[in-house]
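Please look over the sequence and structure below.

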Amino acid sequence: MKIWSDKEKMSRDEIRKLQFKRLKKTLHHVYENVPYYHEKFKAAGVKPVDIRSLEDLRLLPLTTKEDLRKNYPFGLFAVPKNKIVRYHASSGTTGKPTVVGYTKNDMKVWREVIARIVTMGGVTNEDTAQITFGFGLFTGAFGLQQGLEKVGAGVIPMSAGNTQKQIMIMQDFQSTVLIGTPSYALHLAEAAQEMGIDPKEELFLKYGLFGGEGSTEEMRAKLNEAWGIVATENYGMSELIGPGVSGECLAFKGMHINEDHFIAEIIDPNTLEVLPEGSVGELVITPITKEGLPLIRYRTKDITRLDTTPCDCGRTSVRMAKITGRTDDMLIIGGVNVFPSQIEGVLLGIKGIGSNYQIRVLKKGYLDRIEIDVEVVNQDLLVSVTLLDQLYKEIESKLHTILGIHAGIHLVEPKSLVRSEGKAKRVIDLRSENQ
C-alpha cells in the first residue's frame, strides 16, 4: 500500500514531540492575535506558557460552533484579511454561515493532507477522478480537487446533480475514481442501470472516496457491489480545514488522522472530561498548523473512538472509528448540514404560515430527503390555486437559499398537526423504515 508522506510513519514518540512543538506555536499565535481567545484563556486562568505537555491541553477551554457564530464573520481569524487567499463557509442554525479562511500556507497544508487521504484510498497519477460534490462555499469539492491534482490524478469537476450527464461523462472520460456522498453514489448506480448501462461492466471505476455524510458497512457493501469498486471513507469539516482531517486506508481499520496537523481527543460530552484511549465519546480536534483560523479544542459533536495500535498499511497515525452519531440535532442531507432551527426561522418569517410544523426525513431510493408539513394560518389559502402556488414558491425558495437543498413542502389545514403537551417533536426520522 503506497504511503504519500514519511510523516505518516513517524514513531509515536516522534509524533507527540512534533505535536507539542506545533501546539505551543499555535497557542501563542491565537493568544496574541485573537482577542476572543485571549479573553477566553484569561477567564479560564491559563496562558500558553502553562501548557507544558500534550496532557495539559485539557486545561484549555473548548471551542464550539457557537463561538464562531458569536464572532461572525471574521472574529476568530488570527491574521489580517490581506493574508487570506480563500474563503469557504458552512451552514449555521440562524441562517448565517460559519465562515472559514485560509492563508497561502493553509492552502499548502490542505493540499498535502488531501494528497495523503486520496493515496490511502488507492488513487495514483494514473487515475481520473470525477467529483460530484457541489462546487461553491462548501469545502468538499475544492478540497478534494486540489489534493487529487497534487498526486497527479486527472480531475473532472462535475459538481452536484445532472445525473444522466454524470453517467455520460463517467463513461466517455473513463473515470476511475468517484468522489461524493455515498448516497448519491448509489443513486448514480441506479441511474446508470435505468439508462441501460451496467456500472461494473461498461464503466471504468476502481475506487470510491466518500464523505460528507455518515455511512455504514452495509452502505459500503452496496457501493462495492453496485459499482465493482473499493469504497473508502474520509472525514473533515470546514471549521477544521475541510476534508483532510482523516482518511481510510485499504486495510479498513479506521480513518488515519493526520496527526502532524491535528491533535485528537475524546471527551465525555456531558462532563467534558477527557476519556482514555479506546473510549467512545465526542471527538475534539485542535489544528496545530493552521494560520488563518486556528481553533483550539474544537467540539465536533461526532461520536467515535481512537486507536493507536499499529495498522497493517504501515502508517503509525492514530485512527478514528466510523462516526456512530452526533451529540446535537443536526441532520446531514446529501452532505449538507441542516438544523431544524434553520427551517423554523424560515417558516416563521413567512406571512400566512402558522407556528406549527413537522419535519420528516425520508429515504427516496438511496437519497435522503426532507419533507415538511406546514400549517397555514387561513384555510382559505388552500382553496386559492394562485395564492397557494405563490406560498409554495416562497417557502421553497427561502428554504433553498438558507439550506442549500430542496425540501418537499406540504401545506395543511390550520390545527391539523398533532400538538404536544410537552416538548414538541419537530423531527421524525423515517430513514431506517424506508430501507
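1. Two strands pair if DSSP finds at least two bridges between them. The model discussed here is predicted. In this model, strand β18 (residues 353-364) and strand β19 (residues 367-376) run antiparallel and are joined by nine bridges. Ile353, for instance, has Val376 of β19 as its bridge partner.

2. Helix α10 (residues 340-347) packs on the sheet that holds these strands, where it touches β18, β19 and β21. The direction of α10 makes about 140° with that of β18.

3. The sheet is open and has four strands in the order β20-β19-β18-β21, with mixed pairing. From one strand to the next, the twist averages 20°.

4. How do α1 and helix α2 (residues 35-43) cross? Their axes come within 5 Å and cross at roughly 105°, which means that α1 is roughly perpendicular to α2. On the α1 side the contact is made by Leu27, Val30, Tyr31 and Asn33, and on the α2 side by Pro35, Tyr37, His38 and Phe41. By class, this contact has six nonpolar, two polar and no charged residues.

5. The second largest pocket holds about 520 Å³ of space. It is lined by 21 residues, and Arg16, Glu55, Ala264, Glu265 and Leu306 are the closest to its centre. The elements that give two or more residues to this lining are α1 (12-33) and β10 (262-267); β10 supplies the largest share, four residues. By class, the lining has 10 nonpolar, four polar and seven charged residues.

Terms used. Residues are numbered from 1 along each chain as its sequence is written. This is a predicted model: local features need pLDDT of at least 70, side-chain atom pairs count only at pLDDT 80 or more; totals for chains, interfaces and linings use all residues. Side-chain values use heavy atoms; hydrogens and water are left out. On a 1 Å grid over the protein atoms alone, a cavity is a set of points where a 1.4 Å probe fits but cannot get out, and a pocket is an open set with protein on both sides within 12 Å along at least five of seven lines; lining residues have an atom within 4 Å of a point. Grid points are joined across faces, edges and corners, and a volume is the space filled by probe spheres set on the points. Ala, Val, Leu, Ile, Met, Phe, Trp, Tyr, Cys and Pro count as nonpolar, Asp, Glu, Lys and Arg as charged, and the others, Gly among them, as polar. Axes are lines fitted to C-alpha atoms, for helices over the stretch in contact, and angles run from 0 to 180 degrees between N-to-C directions. Angles under 35 degrees count as roughly parallel, over 145 as roughly antiparallel, 65 to 115 as roughly perpendicular and the rest as oblique. Contact means heavy atoms within 4.5 Å.
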